[in-house]
Amino acid sequence: MTRMPRPCTHPSPHPAIVPPYLLARIATTDDPAYADAAEAARRSLMRDAPLREFRAEGELPSFMATERPARDERPAAAPGMAPQPDRRISDAEGADRLPGRLVRREGQPPSGDAAVDQAYDGLGDTFEMFARVFARDSIDDAGMPLEATVHYGDRYDNAFWDGERMVFGDGDGEVFRGFTQSISVIGHELAHGVTERTARLRYQGQSGALNEHVSDVFGALVEQYSMAQDAESATWLIGEGVFTDAVEGRAIRSLLEPGTAYDDDILGKDPQPDHFDRYIDTDEDNGGVHLNSGIPNRAFALAAVELGGFAWEHAGRVWYDVLTSGRLKPDTDFQTFANETLRAANERYGRASRESRAIAGGWSAVGIDPVAPA
Ligand SMILES: [Zn+2]
(Lines give C-alpha, C1' and ligand atoms only; values in the text may rest on other atoms or scores of the structure.)
Protein backbone atom coordinates (compact mmCIF):
# COMPACT_ATOMS: atom_id res chain seq x y z
CA MET A 1 0.00 0.00 0.00
CA THR A 2 1.13 3.51 -0.75
CA ARG A 3 0.57 6.33 1.71
CA MET A 4 -0.39 9.63 0.18
CA PRO A 5 1.04 12.86 1.55
CA ARG A 6 -1.80 14.85 3.08
CA PRO A 7 -2.43 18.18 1.42
CA CYS A 8 -4.92 20.37 3.25
CA THR A 9 -8.04 19.38 1.37
CA HIS A 10 -11.48 18.48 2.64
CA PRO A 11 -13.44 15.39 1.76
CA SER A 12 -15.67 16.06 -1.20
CA PRO A 13 -19.26 16.86 -0.16
CA HIS A 14 -20.82 15.46 -3.32
CA PRO A 15 -19.56 13.37 -6.18
CA ALA A 16 -17.60 15.97 -8.14
CA ILE A 17 -15.62 15.30 -11.29
CA VAL A 18 -12.41 17.07 -10.22
CA PRO A 19 -10.94 15.50 -7.09
CA PRO A 20 -9.84 17.74 -4.22
CA TYR A 21 -6.16 16.76 -4.53
CA LEU A 22 -6.09 18.15 -8.06
CA LEU A 23 -7.70 21.44 -7.05
CA ALA A 24 -5.24 21.62 -4.14
CA ARG A 25 -2.34 21.41 -6.59
CA ILE A 26 -3.70 24.32 -8.59
CA ALA A 27 -4.57 26.29 -5.46
CA THR A 28 -1.03 26.11 -4.12
CA THR A 29 0.87 27.00 -7.28
CA ASP A 30 2.97 30.17 -7.06
CA ASP A 31 3.40 30.41 -10.82
CA PRO A 32 2.17 33.96 -11.63
CA ALA A 33 0.84 32.76 -14.99
CA TYR A 34 -1.74 30.75 -13.03
CA ALA A 35 -2.71 33.35 -10.44
CA ASP A 36 -6.35 33.42 -11.56
CA ALA A 37 -6.52 29.63 -11.69
CA ALA A 38 -5.02 29.35 -8.19
CA GLU A 39 -7.55 31.76 -6.77
CA ALA A 40 -10.42 30.04 -8.58
CA ALA A 41 -9.25 26.64 -7.31
CA ARG A 42 -9.07 27.94 -3.73
CA ARG A 43 -12.60 29.26 -3.99
CA SER A 44 -13.79 26.01 -5.58
CA LEU A 45 -12.30 24.00 -2.71
CA MET A 46 -13.93 26.26 -0.14
CA ARG A 47 -17.30 26.02 -1.86
CA ASP A 48 -17.03 22.25 -1.80
CA ALA A 49 -16.42 22.15 1.96
CA PRO A 50 -19.69 22.93 3.83
CA LEU A 51 -21.51 19.68 3.12
CA ARG A 52 -18.55 17.39 3.62
CA GLU A 53 -19.72 15.78 6.83
CA PHE A 54 -22.73 14.22 5.11
CA ARG A 55 -20.66 12.32 2.58
CA ALA A 56 -17.94 11.51 5.06
CA GLU A 57 -20.50 9.85 7.31
CA GLY A 58 -22.13 8.14 4.37
CA GLU A 59 -25.41 9.86 5.17
CA LEU A 60 -27.41 11.87 2.75
CA PRO A 61 -28.50 15.43 3.42
CA SER A 62 -32.25 15.99 3.23
CA PHE A 63 -32.14 17.23 -0.35
CA MET A 64 -30.70 13.86 -1.35
CA ALA A 65 -33.59 11.86 0.08
CA THR A 66 -34.64 8.88 -2.01
CA GLU A 67 -38.26 9.96 -1.99
CA ARG A 68 -38.86 11.79 -5.25
CA PRO A 69 -41.45 14.47 -5.78
CA ALA A 70 -44.30 13.37 -8.01
CA ARG A 71 -43.72 13.83 -11.69
CA ASP A 72 -45.17 17.19 -12.52
CA GLU A 73 -46.66 18.39 -15.78
CA ARG A 74 -45.44 15.34 -17.57
CA PRO A 75 -47.92 13.58 -19.82
CA ALA A 76 -48.02 9.86 -19.21
CA ALA A 77 -46.25 8.01 -21.99
CA ALA A 78 -48.57 6.12 -24.29
CA PRO A 79 -48.23 2.34 -23.96
CA GLY A 80 -45.44 0.97 -26.12
CA MET A 81 -43.80 4.35 -26.60
CA ALA A 82 -40.08 4.65 -26.01
CA PRO A 83 -39.32 6.73 -22.92
CA GLN A 84 -38.67 10.38 -23.68
CA PRO A 85 -36.34 12.69 -21.78
CA ASP A 86 -37.63 15.70 -19.86
CA ARG A 87 -34.64 18.05 -19.74
CA ARG A 88 -34.52 21.34 -17.85
CA ILE A 89 -31.40 23.47 -18.08
CA SER A 90 -30.96 26.43 -15.75
CA ASP A 91 -28.40 29.22 -15.73
CA ALA A 92 -26.86 30.26 -12.39
CA GLU A 93 -25.39 33.34 -14.15
CA GLY A 94 -22.14 33.15 -12.20
CA ALA A 95 -23.78 32.98 -8.77
CA ASP A 96 -23.66 29.93 -6.51
CA ARG A 97 -27.40 29.66 -5.97
CA LEU A 98 -29.30 26.65 -7.27
CA PRO A 99 -31.15 26.04 -9.46
CA GLY A 100 -30.77 29.42 -11.19
CA ARG A 101 -32.98 30.69 -14.02
CA LEU A 102 -34.65 28.06 -16.20
CA VAL A 103 -33.45 28.78 -19.73
CA ARG A 104 -34.17 25.69 -21.85
CA ARG A 105 -36.84 23.05 -21.47
CA GLU A 106 -37.47 19.85 -23.38
CA GLY A 107 -38.23 20.47 -27.03
CA GLN A 108 -37.16 24.12 -27.04
CA PRO A 109 -34.65 25.19 -29.72
CA PRO A 110 -30.96 25.79 -28.97
CA SER A 111 -30.45 28.81 -26.74
CA GLY A 112 -27.24 30.00 -28.39
CA ASP A 113 -25.39 29.67 -25.07
CA ALA A 114 -22.80 26.91 -25.64
CA ALA A 115 -22.87 25.55 -22.06
CA VAL A 116 -26.69 25.43 -22.00
CA ASP A 117 -26.85 23.61 -25.32
CA GLN A 118 -23.98 21.23 -24.52
CA ALA A 119 -25.66 20.26 -21.24
CA TYR A 120 -29.00 19.77 -23.06
CA ASP A 121 -27.42 17.59 -25.76
CA GLY A 122 -25.25 15.63 -23.32
CA LEU A 123 -28.21 14.84 -21.09
CA GLY A 124 -30.11 13.74 -24.19
CA ASP A 125 -27.35 11.34 -25.24
CA THR A 126 -27.08 9.96 -21.71
CA PHE A 127 -30.84 9.47 -21.45
CA GLU A 128 -30.90 7.75 -24.84
CA MET A 129 -28.16 5.26 -23.97
CA PHE A 130 -29.81 4.27 -20.70
CA ALA A 131 -33.21 4.02 -22.41
CA ARG A 132 -32.25 2.16 -25.58
CA VAL A 133 -29.47 -0.06 -24.27
CA PHE A 134 -30.65 -0.78 -20.73
CA ALA A 135 -34.38 0.04 -21.05
CA ARG A 136 -34.00 2.48 -18.16
CA ASP A 137 -36.40 5.42 -18.08
CA SER A 138 -34.20 8.19 -16.68
CA ILE A 139 -32.20 8.26 -13.44
CA ASP A 140 -34.91 6.68 -11.29
CA ASP A 141 -36.32 4.44 -14.07
CA ALA A 142 -39.59 6.33 -13.63
CA GLY A 143 -39.13 9.28 -15.95
CA MET A 144 -37.47 11.68 -13.52
CA PRO A 145 -36.77 15.05 -15.16
CA LEU A 146 -33.10 15.60 -16.02
CA GLU A 147 -32.08 18.87 -14.50
CA ALA A 148 -28.82 20.72 -14.90
CA THR A 149 -27.45 24.11 -13.91
CA VAL A 150 -24.65 25.71 -15.93
CA HIS A 151 -22.48 28.80 -15.34
CA TYR A 152 -22.46 27.90 -11.64
CA GLY A 153 -20.25 30.09 -9.46
CA ASP A 154 -17.50 32.47 -10.44
CA ARG A 155 -15.02 30.47 -12.56
CA TYR A 156 -15.98 27.41 -10.55
CA ASP A 157 -13.54 24.55 -11.25
CA ASN A 158 -15.82 21.56 -10.99
CA ALA A 159 -18.98 19.72 -11.92
CA PHE A 160 -21.04 17.71 -9.46
CA TRP A 161 -24.26 15.82 -8.84
CA ASP A 162 -26.09 17.20 -5.79
CA GLY A 163 -28.76 14.54 -5.52
CA GLU A 164 -31.22 16.43 -7.72
CA ARG A 165 -29.30 17.98 -10.55
CA MET A 166 -26.04 18.16 -12.40
CA VAL A 167 -24.14 21.37 -11.74
CA PHE A 168 -21.40 22.66 -14.04
CA GLY A 169 -18.84 25.42 -13.47
CA ASP A 170 -17.22 27.40 -16.27
CA GLY A 171 -13.66 26.70 -15.09
CA ASP A 172 -10.98 29.26 -14.37
CA GLY A 173 -9.95 29.64 -18.02
CA GLU A 174 -6.27 28.95 -17.31
CA VAL A 175 -6.37 25.26 -16.35
CA PHE A 176 -10.00 24.28 -16.87
CA ARG A 177 -12.10 25.54 -19.75
CA GLY A 178 -15.50 24.42 -18.51
CA PHE A 179 -17.18 21.12 -17.88
CA THR A 180 -20.07 20.83 -20.33
CA GLN A 181 -17.73 20.23 -23.30
CA SER A 182 -17.13 16.63 -22.30
CA ILE A 183 -20.00 14.23 -22.69
CA SER A 184 -18.18 11.70 -20.50
CA VAL A 185 -18.37 14.24 -17.64
CA ILE A 186 -22.12 14.65 -18.18
CA GLY A 187 -22.64 10.88 -18.31
CA HIS A 188 -20.45 10.45 -15.22
CA GLU A 189 -22.54 12.90 -13.18
CA LEU A 190 -25.86 11.42 -14.27
CA ALA A 191 -24.63 7.93 -13.45
CA HIS A 192 -24.09 9.07 -9.84
CA GLY A 193 -27.85 9.59 -9.77
CA VAL A 194 -28.43 6.06 -11.08
CA THR A 195 -26.09 4.57 -8.45
CA GLU A 196 -27.83 6.57 -5.74
CA ARG A 197 -31.14 4.96 -6.74
CA THR A 198 -29.82 1.43 -7.20
CA ALA A 199 -26.75 0.06 -5.41
CA ARG A 200 -26.35 3.12 -3.12
CA LEU A 201 -22.59 2.54 -2.83
CA ARG A 202 -21.30 4.51 0.15
CA TYR A 203 -19.02 7.37 -0.95
CA GLN A 204 -16.02 6.34 1.13
CA GLY A 205 -13.08 3.95 0.72
CA GLN A 206 -13.50 0.95 -1.61
CA SER A 207 -17.28 1.32 -2.00
CA GLY A 208 -16.72 5.01 -2.78
CA ALA A 209 -14.09 4.13 -5.38
CA LEU A 210 -16.62 1.69 -6.88
CA ASN A 211 -19.20 4.50 -6.91
CA GLU A 212 -16.71 6.64 -8.86
CA HIS A 213 -15.84 3.65 -11.05
CA VAL A 214 -19.47 3.03 -12.02
CA SER A 215 -19.80 6.69 -13.01
CA ASP A 216 -16.61 6.54 -15.07
CA VAL A 217 -17.81 3.36 -16.80
CA PHE A 218 -21.17 4.83 -17.81
CA GLY A 219 -19.58 8.22 -18.61
CA ALA A 220 -17.20 6.50 -21.04
CA LEU A 221 -20.00 4.34 -22.45
CA VAL A 222 -22.24 7.36 -23.11
CA GLU A 223 -19.43 9.03 -25.03
CA GLN A 224 -18.74 5.86 -27.04
CA TYR A 225 -22.46 5.35 -27.67
CA SER A 226 -22.96 8.93 -28.88
CA MET A 227 -20.07 8.50 -31.34
CA ALA A 228 -20.86 4.87 -32.28
CA GLN A 229 -17.32 3.98 -31.22
CA ASP A 230 -16.17 0.43 -30.60
CA ALA A 231 -13.99 -0.53 -27.65
CA GLU A 232 -10.78 -0.61 -29.67
CA SER A 233 -11.13 2.89 -31.13
CA ALA A 234 -12.47 4.54 -27.96
CA THR A 235 -10.24 6.92 -25.99
CA TRP A 236 -11.40 5.54 -22.60
CA LEU A 237 -10.84 9.04 -21.23
CA ILE A 238 -13.02 10.94 -18.79
CA GLY A 239 -13.13 14.68 -19.31
CA GLU A 240 -11.33 15.00 -22.61
CA GLY A 241 -11.50 18.68 -23.58
CA VAL A 242 -11.92 20.18 -20.12
CA PHE A 243 -8.27 21.30 -19.86
CA THR A 244 -6.98 24.38 -21.67
CA ASP A 245 -4.16 24.01 -24.20
CA ALA A 246 -1.73 25.20 -21.50
CA VAL A 247 -2.12 21.89 -19.64
CA GLU A 248 0.02 18.86 -20.45
CA GLY A 249 -2.76 16.35 -20.35
CA ARG A 250 -5.47 14.66 -22.34
CA ALA A 251 -8.19 14.37 -19.72
CA ILE A 252 -8.95 14.02 -16.00
CA ARG A 253 -8.72 10.21 -15.98
CA SER A 254 -8.05 7.25 -18.23
CA LEU A 255 -9.97 4.03 -17.64
CA LEU A 256 -7.67 1.91 -19.76
CA GLU A 257 -4.36 3.42 -18.59
CA PRO A 258 -4.90 4.89 -15.12
CA GLY A 259 -2.07 7.22 -14.10
CA THR A 260 -1.44 8.52 -17.64
CA ALA A 261 -4.18 11.13 -18.18
CA TYR A 262 -1.93 14.12 -17.41
CA ASP A 263 1.61 14.97 -16.41
CA ASP A 264 1.89 18.70 -15.96
CA ASP A 265 4.00 21.25 -14.07
CA ILE A 266 0.99 22.68 -12.26
CA LEU A 267 -1.20 19.58 -11.89
CA GLY A 268 1.57 17.09 -11.25
CA LYS A 269 1.22 13.56 -12.58
CA ASP A 270 -2.05 11.65 -12.67
CA PRO A 271 -1.82 9.66 -9.38
CA GLN A 272 -4.33 6.88 -10.17
CA PRO A 273 -3.06 3.35 -9.45
CA ASP A 274 -3.62 0.68 -12.11
CA HIS A 275 -3.22 -2.41 -9.89
CA PHE A 276 -4.55 -3.53 -6.50
CA ASP A 277 -0.95 -3.86 -5.23
CA ARG A 278 -0.73 -0.08 -5.51
CA TYR A 279 -4.04 0.65 -3.76
CA ILE A 280 -3.68 4.06 -2.07
CA ASP A 281 -4.57 4.15 1.60
CA THR A 282 -5.42 7.75 2.40
CA ASP A 283 -7.84 9.84 4.44
CA GLU A 284 -8.03 12.41 1.66
CA ASP A 285 -10.61 12.37 -1.13
CA ASN A 286 -13.12 10.35 0.94
CA GLY A 287 -10.52 7.60 1.25
CA GLY A 288 -9.16 7.93 -2.27
CA VAL A 289 -12.41 7.48 -4.18
CA HIS A 290 -11.05 9.26 -7.28
CA LEU A 291 -7.69 7.52 -6.94
CA ASN A 292 -8.45 3.84 -6.41
CA SER A 293 -11.28 3.88 -8.96
CA GLY A 294 -8.43 3.45 -11.45
CA ILE A 295 -8.13 -0.21 -10.41
CA PRO A 296 -11.69 -1.37 -11.32
CA ASN A 297 -11.70 1.09 -14.24
CA ARG A 298 -8.80 -0.75 -15.83
CA ALA A 299 -10.41 -4.14 -15.19
CA PHE A 300 -13.54 -3.00 -17.04
CA ALA A 301 -11.69 -1.40 -19.95
CA LEU A 302 -9.41 -4.43 -20.43
CA ALA A 303 -12.43 -6.76 -20.49
CA ALA A 304 -14.27 -4.52 -22.97
CA VAL A 305 -11.27 -4.21 -25.29
CA GLU A 306 -10.72 -7.97 -25.12
CA LEU A 307 -14.34 -8.55 -26.13
CA GLY A 308 -14.22 -5.93 -28.90
CA GLY A 309 -17.23 -4.35 -30.56
CA PHE A 310 -19.47 -1.92 -28.69
CA ALA A 311 -18.61 -1.96 -25.00
CA TRP A 312 -22.18 -1.21 -23.88
CA GLU A 313 -23.41 -4.42 -25.51
CA HIS A 314 -21.54 -6.90 -23.27
CA ALA A 315 -19.21 -5.56 -20.56
CA GLY A 316 -21.49 -2.56 -19.98
CA ARG A 317 -24.52 -4.85 -19.92
CA VAL A 318 -22.91 -6.99 -17.20
CA TRP A 319 -21.99 -3.93 -15.09
CA TYR A 320 -25.56 -2.62 -15.39
CA ASP A 321 -26.87 -6.03 -14.33
CA VAL A 322 -24.66 -5.89 -11.23
CA LEU A 323 -25.62 -2.30 -10.39
CA THR A 324 -29.33 -3.13 -10.54
CA SER A 325 -29.14 -6.69 -9.16
CA GLY A 326 -30.06 -5.76 -5.60
CA ARG A 327 -27.08 -7.84 -4.46
CA LEU A 328 -24.62 -5.01 -3.78
CA LYS A 329 -24.44 -3.63 -0.28
CA PRO A 330 -23.56 0.01 0.37
CA ASP A 331 -20.13 -1.06 1.70
CA THR A 332 -19.29 -3.46 -1.15
CA ASP A 333 -15.53 -3.87 -1.62
CA PHE A 334 -13.54 -4.51 -4.81
CA GLN A 335 -13.38 -8.30 -4.38
CA THR A 336 -17.13 -8.61 -3.82
CA PHE A 337 -17.91 -6.35 -6.76
CA ALA A 338 -15.57 -8.38 -9.00
CA ASN A 339 -17.27 -11.59 -7.84
CA GLU A 340 -20.67 -10.13 -8.70
CA THR A 341 -19.56 -9.14 -12.22
CA LEU A 342 -18.44 -12.71 -12.83
CA ARG A 343 -21.71 -14.06 -11.46
CA ALA A 344 -23.69 -11.67 -13.69
CA ALA A 345 -21.64 -12.64 -16.75
CA ASN A 346 -22.15 -16.34 -15.99
CA GLU A 347 -25.89 -15.81 -15.60
CA ARG A 348 -26.32 -13.78 -18.78
CA TYR A 349 -23.82 -15.50 -21.08
CA GLY A 350 -22.92 -18.83 -19.47
CA ARG A 351 -20.00 -20.04 -17.40
CA ALA A 352 -17.61 -20.83 -20.23
CA SER A 353 -18.62 -17.77 -22.25
CA ARG A 354 -16.05 -15.42 -23.71
CA GLU A 355 -17.72 -12.65 -21.70
CA SER A 356 -17.07 -14.45 -18.40
CA ARG A 357 -13.50 -15.21 -19.41
CA ALA A 358 -12.77 -11.64 -20.52
CA ILE A 359 -14.23 -10.15 -17.34
CA ALA A 360 -12.31 -12.58 -15.10
CA GLY A 361 -9.17 -11.76 -17.10
CA GLY A 362 -9.68 -8.00 -16.69
CA TRP A 363 -9.92 -8.31 -12.92
CA SER A 364 -6.95 -10.71 -12.70
CA ALA A 365 -4.81 -8.22 -14.61
CA VAL A 366 -5.37 -5.65 -11.84
CA GLY A 367 -4.66 -8.13 -9.04
CA ILE A 368 -8.17 -9.28 -8.12
CA ASP A 369 -9.22 -12.85 -8.93
CA PRO A 370 -13.00 -13.04 -9.02
CA VAL A 371 -14.88 -16.07 -7.75
CA ALA A 372 -18.52 -16.24 -8.75
CA PRO A 373 -20.68 -16.76 -5.66
CA ALA A 374 -22.41 -20.16 -5.64
ZN1 LIG B 1 -17.88 11.33 -9.61
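**Helix 10**

I started with the length of helix 10: at 1.5 Å a residue, its 16 residues should span 22 Å, and the end C-alpha atoms are 22 Å apart, which agrees. The expected span of a helix is 1.5 Å times one less than its number of residues. Helices (H or I, at least four residues) and strands (E, at least two) are DSSP runs, numbered from the N terminus.

I note that the model is predicted: local features need pLDDT of at least 70, side-chain atom pairs count only at pLDDT 80 or more, and totals for chains, interfaces and linings use all residues. Residues are numbered from 1 along each chain as its sequence is written.

I listed the buried residues of helix 10 and found Phe 334, Phe 337, Ala 338, Asn 339, Glu 340, Thr 341, Leu 342, Arg 343, Ala 344 and Ala 345. Buried means that 20 or more other C-beta atoms lie within 10 Å of the residue's own; 12 or fewer is exposed, in between is partly exposed, and C-beta atoms are placed from the backbone. These buried residues pack against helix 6, helix 8, helix 9 and helix 11. After helix 10 comes Gly 350, with a positive phi near 100°.

**Helix 10 against helix 11**

How do the axes of helix 10 and helix 11 cross? The axes of helix 10 (residues 334-349) and helix 11 (residues 354-365) come within 8 Å and cross at roughly 170°. Axes are lines fitted to C-alpha atoms, for helices over the stretch in contact, and angles run from 0 to 180 degrees between N-to-C directions. Helix 10 and helix 11 are therefore roughly antiparallel to each other. The classes are under 35 degrees for roughly parallel, over 145 for roughly antiparallel, 65 to 115 for roughly perpendicular, and oblique for the rest.

I then wrote down the residues that meet: Ala 338, Thr 341, Leu 342, Ala 345, Asn 346 and Tyr 349 from helix 10, and Glu 355, Ser 356, Ile 359, Ala 360 and Trp 363 from helix 11. Contact requires C-beta atoms, placed from the backbone, within 7 Å. By class, the contact of helix 10 with helix 11 has seven nonpolar, three polar and one charged residues. Ala, Val, Leu, Ile, Met, Phe, Trp, Tyr, Cys and Pro count as nonpolar, Asp, Glu, Lys and Arg as charged, and the others, Gly among them, as polar.

**Helix 9 and helix 5**

Helix 9 (residues 315-323) has seven of its nine residues buried, so it is largely enclosed by the rest of the structure. I found the buried ones to be Ala 315, Gly 316, Val 318, Trp 319, Tyr 320, Val 322 and Leu 323. They pack against helix 4 (114-134), helix 5, helix 6, helix 8 (294-307), helix 10 and helix 11.

Helix 5 (residues 183-196) reaches 20 Å from first to last C-alpha over 14 residues, close to the 20 Å expected. I counted its cover as well: 14 of its 14 residues are buried.

**Core**

Which residues touch the most other members of the largest nonpolar core? In this core of 104 residues they are Ile 26, Ala 119 and Phe 168. Helix 6 (residues 205-226) gives the most to this core, with nine residues. A nonpolar core is a set of buried Ala, Val, Leu, Ile, Met, Phe, Trp, Tyr and Cys residues joined through C-beta atoms within 7 Å. Leaving out residues up to four places away in sequence, Phe 168 touches Ala 115, Ala 119, Ala 148, Val 150, Tyr 152, Ala 159, Phe 179 and Thr 180.

**Two single residues**

Leu 123 is in helix 4 and counts as buried, with 29 C-beta neighbours inside 10 Å. Its contacts, beyond four places in sequence, are Pro 85, Arg 87, Leu 146, Ala 148, Ile 186 and Leu 190.

Gln 206 sits in helix 6 and is buried, with 25 other C-beta atoms within 10 Å. With neighbours within four places set aside, Gln 206 is in contact with Asn 292, Asp 333 and Phe 334.

**Backbone geometry**

I noted that most residues other than glycine have a negative phi, and most peptide bonds are trans. The bond from Leu 98 to Pro 99 is cis, with omega near 5°. Pro 99 is in the loop between strand 2 (87-91) and strand 3 (101-105). Arg 155 has a positive phi near 55° and is in the loop between strand 4 (146-152) and strand 5 (159-161). Asp 285, in helix 7 (residues 285-292), has a positive phi of about 55°.

Key. Two residues are in contact if their C-beta atoms, placed from the backbone, lie within 7 Å.
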